[in-house]
Number of protein chains: 2
Amino acid sequence: MTLGILGGGQLGRMTAFAALRMGLDVRFLVPEPADSVACFAGVTVGDWNDPDVLRRFAEGCDAVTVESEWAPADRLADAAPGVPVWPSPETLRLVRDKAAQRRRLAEAHLPQPPFRVCESEGAFREAAGALGLPVVVKRRRGSYDGYGNATVRQGTELAVAWARLADTDGVLVEAFVPFEAELSVIVARSRDGETVVYPVFYTEQRDHRCHAVVVPSGMPPGVEAEAVRVAVETVEAVGGVGLVAVELFALPDGQVLVNEIAPRPHNTGHLTIEACHTSQFENHARAVLGLPLGRTELRTLAACMVNVLGTTSGPVRLNALPDALTAPGVAVHLYGKRESRPRRKMGHVTALGADPAEVRARAEEAARRLVL
Amino acid sequence: MTLGILGGGQLGRMTAFAALRMGLDVRFLVPEPADSVACFAGVTVGDWNDPDVLRRFAEGCDAVTVESEWAPADRLADAAPGVPVWPSPETLRLVRDKAAQRRRLAEAHLPQPPFRVCESEGAFREAAGALGLPVVVKRRRGSYDGYGNATVRQGTELAVAWARLADTDGVLVEAFVPFEAELSVIVARSRDGETVVYPVFYTEQRDHRCHAVVVPSGMPPGVEAEAVRVAVETVEAVGGVGLVAVELFALPDGQVLVNEIAPRPHNTGHLTIEACHTSQFENHARAVLGLPLGRTELRTLAACMVNVLGTTSGPVRLNALPDALTAPGVAVHLYGKRESRPRRKMGHVTALGADPAEVRARAEEAARRLVL
């Protein structure tokens with residue numbers, strides 16, 4: 001049984017580890033050599049927009065998945081119509097366009113920040129006025145990890161934001177949400193629409209990038225239940241198959257609002273490798289291949305993941321690894337990237353234990369030591 | 001940092017998964033194509049007795065290890081004297097010859113079954129008489145999983161056993177031990193002689209082959225403490241570096257005796273992947289590369305591993321996988337072997353939980369479903 005993956009970053013790498021462990025075969029198609037999957041056989045480097053390349057790659061795959069919502073799943077589906085592609089091109093089209101995504105969630109009556117889709121600078125200024133500053137302005141396509149986003153706090157910043165972020169079809173503008181916490185709910189959904197849901201994760205961003213994830217989330221049970229309800233309905237609303245991560249704002253009054261959707265394994269789910277009976281990567285592989293989904297419950301009392309970002313530019317040396325490995329009860333994951341750059345995702349660490357604050361301290365300490 | 005592995009079976013495969021996760025590079029040298037490592041780049045197929053092949057392979061490795069005590073570590077050490085090889089050729093020489101192994105443990109005053117090394121059939125008959133039937137007769141070299149062993153219960157069987165098992169330097173004869181339980185204690189030992197020890201595992205063999213491993217062992221604390229003491233001293237007596245598995249007999253009176261030693265990751269340690277903070281494979285990689293050893297404590301209350309052996313001869317189909325994946329809270333590991341044979345080690349399953357009997361039942365059920 002063979003899983004094809006379009007893309008060669010850390011998400012594909014960790015999906016492959018999970019699939020291989022179950023005895024599945026994995027092959028990759030990447031547009032250029034990719035360090036994180038260089039350890040595997042079965043990597044094809046080629047023009048992944050070329051139908052012939054896609055057809056040859058898909059041949060013999062039982063299913064193909066993508067590592068990022070920007071991989072050419074739609075072209076693969078056209079080139080190799082007999083091979084299942086999950087998430088579906090339709091889901092990817094919805095998720096890629098943040099405006100279309102918001103509209104779909106609105107149709108499904110899912111809670112989200114007030115938003116406007118603005119196709120002209122005039123409409124944009126009017127929306128900012130109606131929503132009230134500050135507003136969050138998002139490029140409709142291609143924004144991630146803070147790239148392609150801006151928070152506008154004063155009217156004088158509107159022109160710059162428009163000039164920087166507007167596409168031919170405008171921008172998405174959202175009310176700024178004074179959240180109490182950010183949460184992530186990860187759902188695996190089978191081809192038949194069956195879902196399993198991971199425990200609610202508390203997440204913390206630094207500079208628009210995932211810094212730490214902690215479970216249990218520390219939120220009241222009612223908020224967690226609402227987060228799960230909203231996440232599952234969100235995944236159904238976008239027709240997700242495989243893993244879908246739903247990032248949510250929790251408000252002081254107990255409401256939760258959908259922030260972002262990623263139809264694939266997600267940085268906020270890395271701690272599932274150690275902390276849950278079935279990792280997000282394994283459940284993603286299972287779902288896209290039509291295999292039964294696995295249990296998502298914690299197999300520990302508390303866990304924390306902290307990202308390891310690059311600090312300097314240049315070739316990676318593992319001088320800091322021995323020191324990080326002395327952190328007790330911490331699993332170190334490095335992604336095999338040969339070049340570091342400031343803020344590049346180089347790896348992560350996960351600590352397990354009994355107390356959320358204590359595991360967080362241990363994970364932070366190990367990540368701090370991993371200067372790459 | 002690059003780890004070289006001589007051999008391409010499931011132990012190398014799982015060691016590679018652990019090393020890659022930490023961001024290390026892995027390369028394999030195998031005498032013929034090997035299914036279990038076919039998923040990796042960096043596999044060299046070549047004559048591993050050829051000094052040139054060994055030298056080229058070792059070049060650029062920070063350390064080389066072996067997947068089995070029969071791999072040509074000594075030749076590699078000769079061909080590439082600058083590259084650390086662990087376990088050392090000296091340890092491998094000791095462990096390969098079961099008679100030399102027994103003598104070394106005797107010098108170190110370690111408890112083991114009464115034994116004789118017999119170089120002639122006359123001496124063999126005399127030893128059987130002195131030890132008292134039944135006796136266990138072992139080929140000095142090359143015996144494993146019941147191959148190369150015989151239990152002689154009657155005097156009439158002695159001639160057959162001698163004819164079948166004697167090498168030019170004779171056989172090893174041991175008193176048959178009426179054990180209460182078989183235990184495994186896995187030790188990781190660093191180049192500096194630091195050791196970390198895994199919890200004591202209860203093991204069960206079927207037809208001389210590991211069937212199930214359970215932790216906690218259920219043995220009294222005094223027996224566990226003695227098992228740990230004996231295992232650590234055994235590893236020191238053979239100069240082990242990296243992982244060493246020590247299989248022990250526990251007697252009704254609380255004594256423990258050393259049964260077998262394997263200077264590498266071991267079938268009885270597979271449950272450490274899920275059950276312990278650091279798996280046996282990760283600690284093996286760490287130890288041979290001179291990295292700090294990781295914590296060996298359980299991160300669950302109870303765990304059980306059950307082996308998945310082949311049942312028929314022929315190409316592997318994964319038809320049984322979906323059914324096995326529905327077993328709750330069970331991690332399925334298959335080794336990527338393309339051909340099944342009766343009793344071939346095809347994979348294993350590990351269940352985690354709170355109660356040893358309950359996790360065992362779950363693991364047995366999942367393994368039963370995995371008919372390959």
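Colleague: What makes β6(A) and β7(A) paired strands?

Modeller: In this predicted model, four bridges join β6 (residues 135-139) of chain A to β7(A), and the two run antiparallel. Strands pair if DSSP finds at least two bridges between them, so these strands qualify. Strands here are DSSP runs of E with at least two residues, and helices are runs of H or I with at least four, numbered from the N terminus. Residues are numbered from 1 along each chain as its sequence is written, and local features need pLDDT of at least 70, side-chain atom pairs 80 or more.

Colleague: Why is the contact of Lys98(A) with Glu260(A) called a salt bridge?

Modeller: Their side chains meet at 2.6 Å, N to O. A salt bridge requires a side-chain nitrogen of Lys or Arg within 4 Å of a carboxyl oxygen of Asp or Glu, so the pair meets the definition. Lys98(A) lies in helix α5 and Glu260(A) in strand β14 (residues 256-262) of chain A, 162 residues apart.

Colleague: How do you know whether Lys98(A) is buried or exposed?

Modeller: Its relative accessible area is 9%. Buried means under 20%, exposed over 50% and partly exposed in between (1.4 Å probe, protein chains only). Lys98(A) is therefore buried, and Glu260(A), at 16%, is buried as well.

Colleague: What separates Arg360(A) and Glu364(A), which also meet in a salt bridge?

Modeller: The N to O distance is 2.9 Å. Because they stand four residues apart in helix α12 (residues 356-369) of chain A, about one helical turn separates them. Arg360(A), at 17% relative accessibility, counts as buried, as does Glu364(A) at 12%.

Note on methods: Chains are lettered from A and ligands numbered from 1 in the order in which they are written. Side-chain values use heavy atoms; hydrogens and water are left out.
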